[in-house]
Structure formats: structure tokens, C-alpha cells
Amino acid sequence: MPCTVVAGGFWGDEGKGKIISYLALKEPLDLCIRTGSVNAAHTIWHGGKRYALHMVPGGFVQQKCRLLVGPGTNIHVAKFLEEVDETGVKNRIGVDSQASIIEEKHSVQDKSSAHLKGLGTTGWGVGPAIEEHVRRTAKLAKDTPELKPYLTDVPEEANNAIAKGRNVLLEGTQGIMLSLFYGTYPFVTGRDTSASAICSEAGVGPKRIDDVLIVFKAFMTRVGTGPLPGEISKEEAQKRGWFEIAAGTGRERRSAPFNFEVAKKAVMINGATQAAITKLDCVYPECKGIRKFDHLSREAKHFIDEIEKQTGIPAMLIGTGPEALDIIDRRK
Ligand code: IMP
Ligand code: MG
């Protein structure tokens with residue numbers, strides 16, 4: 001803080017939602033800006049309830065936090081309204097007038113294209129919506145009556161808040177290995193997912209950013225097709241406690257051990273200044289619920305040290321359980 005970008009270091013599902021909700025409560029956060037689109041589900045445990053948010057920023061857990069959806073996003077209107085209701089944030093959320101709209105027809109196109117199906121897309125229609133945006137025939141938020149009460153100028157609000165030294169968080173989606181530019185093309189999503197793209201989608205220039213926080217999970221997962229280095233079988237994943245089902249689509253995730261080469265590349269492209277490591281307790285069960293670094297097992301400490309050594313950045317936040325506060329916070 002004051003202005004932090006949160007980006008995914010692998011193939012999405014690193015636990016960005018949990019980290020964002022922790023920061024929102026802890027800092028406390030003044031402004032949280034969601035980028036990306038409805039294909040990403042950010043899982044947040046709050047007050048004993050589980051949320052899988054596709055549109056509303058994860059900072060909603062902080063009652064005083066203003067929530068924004070940036071101009072570079074594709075807004076799924078029905079999902080947005082449903083989540084605004086579910087989270088009760090109607091009077092503190094805004095949508096940029098220029099954000100483009102993802103329509104039902106885009107989802108139909110996504111699901112009926114053999115090519116896109118072969119890539120294992122989520123079926124939300126994000127690729128076709130981006131195609132339409134680029135063709136310059138897309139509907140924008142300002143053309144959508146249901147969004148009228150929410151319309152705002154997100155770059156203006158964001159840059160004003162930053163100028164006043166407020167705590168601002170830019171919430172990225174997916175991970176660098178699903179980036180259209182830097183990922184495992186063609187098995188990628190329809191947008192760049194790097195920290196630079198997150199800034200761009202929110203309308204914040206690179207010089208305004210204080211920290212790029214990259215989120216890694218203690219093991220790697222991916223949904224859909226495409227390469228996953230070191231992939232293990234479903235049976236092995238179940239045995240290790242790494243088997244996951246996607247929050248957004250209900251699909252089974254593939255898994256693999258933490259890969260230092262991928263992590264190094266992710267840190268480089270994102271210009272990451274610090275890392276968060278989630279689900280340490282899934283790899284080292286004895287670490288569950290621990291909130292002090294010194295209380296970790298020797299093996300777990302060694303793993304974190306190795307990540308820091310190889311990537312060259314400090315691991316400031318370490319997740320040891322699902323609740324927002326199940327975290328080791330090593331920041332001053
Ligand atoms: P699309 O983004 O729906 O076009 O899907 C393209 C690829 O990105 C597929 O492999 C999806 O499974 C993957 N993908 C998209 N969004 C997410 C996400 O939020 N988490 C993990 N994978 C995702
Ligand atoms: Mg997810």
C-alpha cells in the first residue's frame with residue numbers, strides 16, 4: 001500500500017481472493033478496483049460464508065471500501081447485479097461508463113465454437129466479447145439502462161484516491177501463464193493478465209504503483225487444456241490433498257508441484273516486488289492455522305526461503321488456511 005496491484009503468478013486460482021480480502025480488512029482498504037471479466041471467480045470466506053465473486057471486487061469485505069469495476073473489463077450485467085445484491089454493496093460500487101458488456105450471445109458463441117471448446121474455455125463468452133470490443137461494435141456500460149445508477153469515471157476516482165495517499169488495490173484475474181501475450185498460447189484467456197494490463201484496465205499509470213504483489217499457490221493447478229509442467233495424476237493429487245474443483249465452473253483442476261522456473265518468469269514479467277504464498281497447509285499439513293513464521297516446520301520454512309532465493313523477492317504473506325485471517329503477515 002498505498003497503491004498495490006495483485007496479480008496471479010501461475011494459471012489462476014492461486015487464491016488472490018483470499019489475499020485481497022485479508023488486505024482489505026487489514027490495511028484497511030479505501031478503494032478496490034476489479035479488472036478482467038466474469039470468467040474469473042474469486043473465492044472469499046467472510047463471516048463464515050463462502051463467496052465466489054465474478055464481478056464484485058474482493059475488497060467488499062471491508063465495509064468502508066469503495067468498489068469499482070474498471071474501463072478495461074467486460075461486464076456481465078446479470079451477474080454483476082446478482083452479486084451486488086448478494087454482497088449488499090449497492091451504495092458503494094461503481095462501474096466505468098466505458099466498460100464493455102459481455103452478452104448472452106457471446107457465451108453461446110464460446111460454447112458452440114469447437115476451437116474454443118478445444119481450449120477448454122470457461123464458456124462465459126469472454127473471448128467472443130473481446131472480439132466484439134475490438135471490432136468496435138460492443139455495447140458499453142453507458143448504453144445499459146440497468147447500470148445507470150452505478151456509472152462513474154474509474155480512472156478519475158482511482159487517480160484522485162492515489163493522489164490523496166489512500167490505500168488502493170487493483171485486483172487482477174487469472175495468472176500470467178493464462179496471459180494472451182505471455183502464457184501457454186493458444187491455451188490462454190482472451191486478455192493479457194500481467195500487472196501492466198491490470199493497471200491499464202483500471203486506468204492507472206505504472207508510475208503510480210507502489211507494489212506489485214504476486215500470488216503463488218504452494219502447488220500449481222490449471223483448468224482446461226494446455227501444458228502443466230510436472231503434472232501429477234488425479235489419484236496422486238487426492239492423496240496429497242491438492243485436488244481442487246473450480247469455484248467458477250465446477251470443473252476438476254489439474255495439479256503439479258510448485259515450479260521455480262515458472263515463478264521466476266512470473267516475477268520478471270509482472271515486475272513483482274513481493275509475493276504471497278497461499279495454501280502452504282496443503283503441502284505442509286502441520287502448518288495449518290499458524291500465524292507466525294517462526295512456528296512453521298523446518299521443511300515449510302525451507303520451502304519459503306527457496307522461493308525467496310530463486311525469485312529474488314520477499315514472501316510477505318503466507319496462507320495457512322481458508323479464512324481471510326489464516327495468514328502469516330511478515331510486513332512491518
Ligand atoms: P476463457 O478465459 O473462458 O476464454 O478460457 C481460456 C482458458 O483460461 C481456459 O483454460 C480456462 O480454463 C482458463 N481460465 C479462464 N478464467 C480462469 C480463471 O479464473 N481461473 C483459472 N482458469 C481460468
Ligand atoms: Mg478462481
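Val 223 places a backbone N or O atom 3.3 Å from an oxygen atom of ligand 1. That pair is a polar contact, meaning two N or O atoms within 3.5 Å; within protein, one must be able to donate a hydrogen and the other to accept it, and residues adjacent in sequence count only if both atoms are side-chain atoms. Taken alone, ligand 1 exposes 470 Å², and the protein buries 96% of that. Those areas come from the Shrake-Rupley method with a 1.4 Å probe; for residues, only the protein chains shown count as cover.

Some ground rules. This is a predicted model, in which local features need pLDDT of at least 70 and side-chain atom pairs count only at pLDDT 80 or more, while totals for chains, interfaces and linings use all residues. Residues are numbered from 1 along each chain as its sequence is written, chains are lettered from A and ligands numbered from 1 in the order in which they are written, and side-chain values use heavy atoms, with hydrogens and water left out.

Back to ligand 1. A backbone N or O atom of Gly 120 also lies 3.3 Å from an oxygen atom of the ligand. From Arg 251, a polar side-chain atom lies 2.8 Å from a ligand oxygen.

Next, the magnesium ion, ligand 2. Which protein donors does the magnesium ion have? They are Asp 13 (OD) and Ala 41 (O), lying 2.4 Å from the ion. Donors here are N, O and S atoms within 2.8 Å of the metal (3.2 Å for Na, K and Ca); water is not among the atoms, so sites may look incomplete. The pair links distant parts of the chain, 28 residues apart: Asp 13 is in the loop between strand S1 (3-8) and helix H1 (16-26), and Ala 41 in the loop between strand S2 (31-34) and strand S3 (42-46). Helices (H or I, at least four residues) and strands (E, at least two) are DSSP runs, numbered from the N terminus.

Asp 13 is partly exposed at 24% relative accessibility, whereas Ala 41 is buried at 13%. Buried means under 20% relative accessible area, exposed over 50%, and partly exposed in between (1.4 Å probe, protein chains only).

Last, the sheet. Ten strands form an open sheet with mixed pairing, in the order S9-S7-S5-S2-S10-S1-S11-S14-S15-S16. Strands S9 (151-152) and S16 (327-329) stand at the edges, each with a single partner strand, so one side of each is left without a neighbour in the sheet. Two strands pair if DSSP finds at least two bridges between them. S5 (residues 66-69) and S7 (residues 93-96) pair in the parallel sense over three bridges.
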